[in-house]
Amino acid sequence: MSFPCVGTVALAKLALACAFPTGSYSYSHGLEWAVEAGYINDRNSLVDWLNADLCYGSGRNEAIFFYHASRSATKHDRAKLFEIAELAATFRGTSEFALESSQQAAACLTTLRKVWPDSLLDWLLEILCEHHVQPVLAVVLGVRSARQGIPTSLALPAFLQSYIANLVTAGVRLIPLGQTDGQLAIAELEQAVLATSMQAKKATIDDLGSAAFMVDLASMEHETQYTRLFRS
């Protein structure tokens, strides 16, 4: 089969706005304030911060939402899919995190529906609009990867890789770091990406939660940060 490569490339390149225009480059997920406050100042501190977010914070939750959205789409369980989408939309610790997710999801939906039309995504957008619920990127991509026939063993790590790669790119610009250090950071986070992917497959919706409180606090502080390059 040849079609999975198309979806895989799209998922893996979400961090690159020129390749898949979600606007991800304009969000730092609170990193901008963490750098300003001195919590992140080199590659090691950046990797530590992102590892905590990925394994214990919002990255972990996004992985669980992605997996269960994909599973619901595979089973054609629309009731469960809407339940997951609604929960994912409310599972945002700050207003900037909500904006970060919904804006990227909306941009992603626009592109997907024009380039790779899909009846389930059309239905999802319609029911979300009816209930005044914002879309979530992890849910949209979980659904589309399932519809594309991409197994979660491939799609979920690709999604988390794009999530981490975008934040590393923000760190490279903010700290600043060299491009080589940025690639080293991504490589050092590979095991965390794979571990979080495996854990998400075993997790239920009841396992959602976050212990990465500094990530949420950084986002809250970023809302009133005086000088900002990023929207979150």
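Guide: Helices are DSSP runs of H or I with at least four residues, and strands are runs of E with at least two, numbered from the N terminus. The model is predicted: local features need pLDDT of at least 70, side-chain atom pairs count only at pLDDT 80 or more, and totals for chains, interfaces and linings use all residues. Residues are numbered from 1 along each chain as its sequence is written, and side-chain values use heavy atoms, with hydrogens and water left out.

Leu-217 belongs to helix 12 (residues 213-222). With a relative accessible area of 42%, Leu-217 is partly exposed; buried means under 20%, exposed over 50%, and partly exposed in between (1.4 Å probe, protein chains only).

A pocket is an open set of points on a 1 Å grid over the protein atoms alone, where a 1.4 Å probe fits and protein lies on both sides within 12 Å along at least five of seven lines; lining residues have an atom within 4 Å of a point. The space in the largest pocket is about 410 Å³, a volume being the space filled by probe spheres set on the points, which are joined across faces, edges and corners. Its lining comprises 27 residues, and those nearest the centre are His-29, Glu-62, Arg-92, Glu-100 and Tyr-163. Two or more lining residues come from each of helix 4 (58-75), helix 6 (95-115), helix 8 (137-147) and helix 9 (152-174). Helix 9 contributes the most, five residues.

His-29 is buried, at 6% relative accessibility, and its phi is near 60°, a positive value in a residue other than glycine. Most residues other than glycine have a negative phi.

Glu-62 and Arg-92 are joined by a salt bridge (2.9 Å, N to O), meaning a side-chain nitrogen of Lys or Arg within 4 Å of a carboxyl oxygen of Asp or Glu. Glu-62 is in helix 4 and Arg-92 in the loop between helix 5 (78-90) and helix 6, so this pair ties together parts that are 30 residues apart in sequence. Glu-62 and Arg-92 are buried.

Helix 8, another contributor to the lining, is mostly covered, with ten of its eleven residues buried. Among them is Arg-144, whose side chain meets that of Asp-118 in a salt bridge (3.7 Å, N to O). Asp-118 lies in the loop between helix 6 and helix 7 and Arg-144 in helix 8, so the pair ties together parts that are 26 residues apart in sequence. Asp-118 is buried as well as Arg-144. In the loop that leads from helix 7 (119-130) to helix 8 stands His-132, which is exposed at 75% relative accessibility and has a positive phi near 55°. Just after helix 8, Gly-149 takes a positive phi of about 85°.

Beyond helix 9, the loop towards helix 10 holds Pro-176. The peptide bond from Ile-175 to Pro-176 is cis, with omega near -10°.
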